[in-house]
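Here is a short briefing to read alongside the model. Please keep the viewer open while you go through the points.

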Amino acid sequence: MKTPKLHLKNSRSMEIRSRYVTLAGVIESLYPAMSNNGLHPLQAPVAGSLLTVLIHEGGARMQFRSPLPELGDLQKFGSALTYQKRYVLASLFVIAGQEDDDANS
């Protein structure tokens, strides 16, 4: 599989001023390589966790579950879900999508 070209850090955190790749940037960067290699990711919140399934067109599949925080506020939950999706995809495909702030935040 060709290494995907990562759309360089395309957003900036207002809180700690670090740059990062958005979920859309991660997906956009991965899509050509996944598509060319018959890979299709699915992500959905299921029973308190984010279920990520990576399916190959030949029938093979891998799945991962990562716990989601319990947040009473739907907007906070949506934000946490977006972060989790981005982190899982970046981890799965070994993408460094965020600057290392050396624990300064």
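What covers the buried residues of α1? The cover includes β3 and α2, where a contact is a pair of heavy atoms within 4.5 Å, and buried stands for under 20% relative accessible area, exposed for over 50% and partly exposed for anything in between (1.4 Å probe, protein chains only). Please note that this is a predicted model, in which local features need pLDDT of at least 70 and side-chain atom pairs count only at pLDDT 80 or more, while totals for chains, interfaces and linings use all residues. Residues are numbered from 1 along each chain as its sequence is written, and side-chain values use heavy atoms, with hydrogens and water left out.

**Overall layout**

- The protein chain holds two helices and five strands; these are DSSP runs numbered from the N terminus, with helices being H or I of at least four residues and strands being E of at least two.
- Starting at the N terminus, the order of elements is β-β-α-β-β-β-α.
- Of the 105 residues in the protein chain, 30% are buried.
- Among contacts in the protein chain with a separation of 6 or more, 39% link residues 24 or more positions apart.

**Helix α1**

- With 14 residues, α1 spans 20 Å from its first C-alpha to its last, close to the expected 20 Å at 1.5 Å a residue; the expected span is 1.5 Å times one less than the number of residues.
- At L30, α1 has a kink of about 40 degrees, shortly before the proline P32; the bend at a residue is the angle between axes fitted to the seven residues ending there and the seven starting there.
- The buried residues of α1 are L23, G25, V26, S29, L30, A33 and M34.
- After α1 comes G38, with a positive phi near 70 degrees.

**The nonpolar core**

- V21, L23, V26, L30, M34, L39, L54, L89, A90, F93 and I95 make up the largest nonpolar core, 11 residues in total; such a core is a set of buried Ala, Val, Leu, Ile, Met, Phe, Trp, Tyr and Cys residues joined through side-chain atoms within 4.5 Å.
- Both α1 (23-36) and α2 (74-92) supply at least two residues of this core.
- The largest share, four residues, is from α1.
- As background, nonpolar side chains in soluble globular proteins tend to be buried together.

**The three-stranded sheet**

- An open, antiparallel sheet is formed by three strands in the order β3-β4-β5; two strands count as paired if DSSP finds at least two bridges between them.
- β3 (39-46) and β5 (61-67) each have a single partner strand and stand at the edges, so one side of each lacks a neighbour in the sheet.
- From one strand to the next, the twist averages 15 degrees; axes are lines fitted to C-alpha atoms, for helices over the stretch in contact, and angles run from 0 to 180 degrees between N-to-C directions.
- Eight bridges connect β3 with β4 in the antiparallel sense, and P45 has L50 in β4 as its bridge partner.
- Seven bridges connect β4 (residues 49-56) with β5, again antiparallel; here L50 faces S66 and L51 faces R65.
- Because six of its eight residues are buried, β4 is largely enclosed by the rest of the structure.

**Turns between the strands**

- Which residue has a positive phi although it is not a glycine? That is A47, with a phi of about 50 degrees.
- A47 sits in the loop between β3 and β4, in a hairpin with two residues between the strands, and is exposed at a relative accessible area of 79%.
- The hairpin of β4 and β5 has four residues between the strands, and there G59 adopts a positive phi near 110 degrees.
- G58 lies in the loop between β4 and β5 and is exposed, with a relative accessible area of 66%.
- G58 and L39 are 19 residues apart along the chain, and their C-alpha atoms are 9.2 Å apart.
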